[in-house]
Amino acid sequence: MAYFVTGGTGFIGRFLVDYLLKRGEPVYVLVRKSSQKKLAALREQWGVDETQVVAVAGDLAKPKLGVSEAELARLKGKIKHIFHLAAVYDINASADVQEVSNIEGTRHAIGFADAVNAGCFHHVSSIAAAGLYDGTFREDMFEEAEDLDHPYFRTKHVAEGVVRNECKRPWRVYRPGFVVGHSQTGFIDKIDGPYYFFRLIQRMRKMLPPWVPTIGIEGGRINIVPVDFVASALDHLAHKKGLDGRCFHLTDPAPHRIGEVLNIFAKAAHAPQMSMRINARMFGFIPAPILYGIGSLAPVKRMIRAVLKDLGIPRDVVPHLETYAAKLWDYWERNLDPELFIDRSLAGRVKDKVVVVTGASSGIGKATALKLASAGAKVMLVARGEEKLLDTRTEIEASGGKAWIYTCDVSDMASCDALVGKVLKDHQACDFLINNAGRSIRRGIINSLDRFHDFERTMQLNYFGALRLIMGFLPPMIEQKSGHIINISSIGVLSNAPRFSAYVASKSALDSFAACAASEFLDKGINFTTINMPLVRTPMIAPTKMYESIPTLSPEEAAELVVEAIVYKPVRIATRLGIFGAVAHAVAPKLTQILLNTAFNMFPDSAAAAGKKAGEPQPLTAEQMAFAQLTQGIHW
């Protein structure tokens with residue numbers, strides 16, 4: 001006797017067929033013409049030939065599965081078990097598609113079973129057949145299902161009813177929980193369910209160290225089972241005698257709440273876990289119409305879509321999620337992470353694009369320009385002096401890159417307007433604007449009381465100049481519905497380092513503008529990225545001799561952060577120490593001020609900043625060196 005499987009090339013089906021083959025009987029698999037190659041590839045994985053796994057051409061949407069009369073006659077009396085797995089498992093599929101596949105497809109499979117005088121019809125349903133029933137839905141319950149308004153719930157329920165009421169052959173029904181990857185290999189064929197949260201976990205891992213506690217939602221319970229358990233259970237139960245006419249739940253007897261599931265995967269990913277989880281039932285007092293109304297608001301719907309772009313067997317048979325979560329995570333990250341299928345090369349982003357880089361004659365700007373040009377960008381080199389820009393262009397052209405020189409004093413508004421006009425006249429576009437030119441002043445406020453111009457100069461260049469260029473290049477970006485503005489800010493904005501009040505204030509102003517503008521232009525295809533750059537060894541910090549003994553980034557390392565901004569388009573790039581500084585100010589502001597005051601007194605103003613005659617620079621003390629090492633990248 002043989003087996004017949006619909007959905008044999010699907011996720012559960014491929015593992016079920018593997019189990020059935022071990023019983024030594026041929027397995028007939030219903031396939032469409034488009035799935036013939038897929039079945040051939042699976043035969044190689046199973047290590048069998050066409051006599052052991054036989055393709056039967058057909059169509060789920062046609063009576064008797066669209067199998068020819070000749071094939072029906074050949075199979076008649078040979079099929080002992082029919083496993084009907086084929087269905088639409090995508091809850092986002094249209095109601096019509098789910099109706100045809102899940103309900104009519106089941107009816108056609110039953111018609112096929114009658115035509116070939118099959119022994120037993122095994123229908124793989126789902127716990128979704130219970131709808132949104134509140135409480136324990138037992139295997140002997142069916143009519144009690146509630147809230148079947150969603151097409152997926154309704155069609156799975158009705159399909160199971162078709163089996164119960166219309167199937168004349170002996171039948172058995174199986175309701176799996178939420179099926180995830182293989183517990184030993186992690187294999188899964190598509191992203192679904194909890195996998196949608198993996199990107200969020202991945203981002204949290206990038207932002208925060210694993211020991212940082214976070215807050216999340218507890219939520220209801222989600223019944224997760226690995227695919228190998230489901231396939232093994234189907235094979236086992238199908239061959240036990242005396243079980244016809246019964247239903248079996250292939251589920252975890254001790255399901256986890258959503259918050260617990262996320263924590264299990266966060267642990268597997270070495271990401272921060274939710275130490276405090278708020279039970280969603282706390283919001284049960286809100287009337288349903290209000291919740292529905294909120295959910296219908298365009299901004300809320302957009303946020304939901306963005307986040308989503310972003311439910312017997314012996315108890316000890318189901319492996320605990322904790323034992324195989326790491327394998328699921330590892331397989332997803334190596335094979336299914338959407339980021340793997342996006343061109344993440346710099347050339348893929350900037351080739352033949354117009355990129356304006358201010359402050360391109362040295363330091364971060366020059367290093368960035370060299371990287372962009374090597375990736376095929378059309379680099380607009382901007383700085384006050386032409387001589388050093390010529391050197392940069394020569395270096396770029398010697399490597400086969402393209403660069404244009406534009407002299408501009410970014411602190412002068414008329415000069416900024418002229419720059420915008422020239423670039424647009426020459427190239428008709430600006431795809432990327434990198435606001436890198438800046439001025440830093442290291443001087444305590446007590447030594448700045450009679451130097452108001454310190455604040456005016458930093459604000460003029462770091463804020464107004466950068467803002468003028470943004471305002472100038474925004475119109476063509478809006479017209480072409482794409483653009484990326486990258487502002488080189490400072491870690492000082494997050495750490496509020498003393499002695500840099502003029503510099504940090506000007507950078508903070510630009511950060512705040514970008515944060516507001518990003519929300520206004522998101523739907524116009526324009527991105528804003530702020531890089532809270534740590535201390536970089538550039539000509540800007542050269543006058544402060546103590547920095548020669550303090551750990552700093554090289555310009556090339558800083559340029560890599562700009563490359564990261566271009567490739568991934570994050571809202572902000574900051575070091576963990578910078579983020580920690582911002583969190584510290586929010587959580588323990590007084591304690592943080594005491595720490596910063598200690599640092600302020602530990603690293604005094606330079607003689608020049610204090611208005612004194614400069615003498616020989618004093619070497620850093622052991623205490624200063626240790627503190628600087630501990631707070632690498634922060635300006636002191």
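**Exercise 1. The sheet with β14 to β20**

Task: Find the strand order of the open sheet that contains β16 and β20, and state how its strands pair.

Solution. 
Step 1. In this predicted model, seven strands make up the open sheet, and their order is β16-β15-β14-β17-β18-β19-β20. The pairing is parallel.
Step 2. The edges are β16 (402-407) and β20 (572-574); each has a single partner strand, so one side of each is left without a neighbour in the sheet.
Step 3. On average, and with direction ignored, neighbouring strands of this sheet are turned by 15° against each other.
Step 4. Val379 has Ala403 in β16 as its bridge partner.

**Exercise 2. Helices on that sheet**

Task: State which strands helix α15 lies across and which strands helix α16 touches.

Solution. 
Step 1. Helix α15 (residues 413-427) lies across β14 (354-358), β15 and β16, and runs at about 150° to β16.
Step 2. Helix α16 (residues 452-480) packs on the sheet and touches β14, β17, β18 (483-490) and β19 (526-533). The direction of α16 makes about 175° with that of β17.

**Exercise 3. The sheet with β1 to β6 and β11**

Task: Give the order of the open sheet that contains β3 and β11, then follow the bridges of β4 to β1 and to β5.

Solution. 
Step 1. The order of this open sheet of seven strands is β3-β2-β1-β4-β5-β6-β11, and the pairing is parallel.
Step 2. At the edges stand β3 (53-57) and β11 (247-250), each with a single partner strand, so one side of each is left without a neighbour in the sheet. From one strand to the next, the twist averages 20°.
Step 3. Strand β1 (residues 2-6) runs parallel to strand β4 (residues 79-84), and five bridges join them. Ala2 stands opposite Ile79 in β4, and Val5 stands opposite Phe83.
Step 4. β4 and β5 also run parallel, joined by four bridges. Here His81 stands opposite Cys120 in β5.
Step 5. Is β4 largely enclosed or left open? Five of its six residues are buried, so the rest of the structure largely encloses β4.
Step 6. Helix α1 (residues 11-21) lies across β1, β2 (27-31), β3 and β4, at about 160° to β2. Helix α5 (residues 151-166) lies across β5 (120-124), β6 (171-176) and β11, at about 160° to β6.

**Exercise 4. Two helices against each other**

Task: Describe how helix α6 and helix α11 pack.

Solution. 
Step 1. Helix α6 (residues 198-207) and helix α11 (residues 321-336) pack at an angle of about 90°, and their axes are 12 Å apart.
Step 2. Angles from 65 to 115 degrees count as roughly perpendicular, so α6 is roughly perpendicular to α11.
Step 3. On the α6 side, the contact is made by Phe198, Arg199, Ile201, Gln202 and Arg205. On the α11 side, Leu328, Trp329, Trp332 and Glu333 take part.

**Exercise 5. Aromatic pairs**

Task: Examine the aromatic pairs Tyr152 with Phe153 and Phe521 with Phe528.

Solution. 
Step 1. The whole structure has 14 aromatic pairs.
Step 2. Tyr152 and Phe153 form a tilted pair, with 6.4 Å centre to centre and 55° between the planes. Tyr152 is buried at a relative accessible area of 8%, and Phe153 is buried at 16%.
Step 3. Phe521 and Phe528 form a tilted pair, with 6.4 Å centre to centre and 40° between the planes. Phe521 is buried at 12%, and Phe528 is buried at 5%.
Step 4. One aromatic cluster is formed by Phe11, Phe15, Phe187 and Tyr331.

**Exercise 6. A single residue**

Solution. 
Step 1. Buried means under 20% relative accessible area.
Step 2. Apart from its neighbours within four places in sequence, Thr368 is in contact with Ile434, Ala559 and Val562.

**Exercise 7. Confidence**

Task: Find where the confidence of the prediction is lowest and where it is highest.

Solution. 
Step 1. The average pLDDT of the chain is 84, and 82% of the residues score at least 70.
Step 2. Confidence is lowest in helix α9 (residues 288-296), at a mean of 49, and highest in strand β17 (residues 432-435), at 98.
Step 3. Over residues 280-286 pLDDT stays under 50, and the model has four contacts beyond four places in sequence for them. Over residues 307-317 pLDDT also stays under 50, and the model has 18 such contacts there.

Technical notes:
Residues numbered from 1 in each chain as written. Predicted model: local features only at pLDDT ≥ 70, side-chain atom pairs only at ≥ 80, totals over all residues. Heavy atoms only, no water. Contact = heavy atoms within 4.5 Å. pLDDT = per-residue confidence, 0-100. Pairing = 2+ DSSP bridges. Axes fitted to C-alpha atoms, helices over the stretch in contact; angles between N-to-C directions. Phe/Tyr/Trp six-rings, centres within 6.5 Å; stacked < 30°, edge-to-face > 60°. Buried < 20%, exposed > 50% of the residue type's maximum accessible area, 1.4 Å probe, protein only. Parallel < 35°, antiparallel > 145°, perpendicular 65-115°, else oblique.
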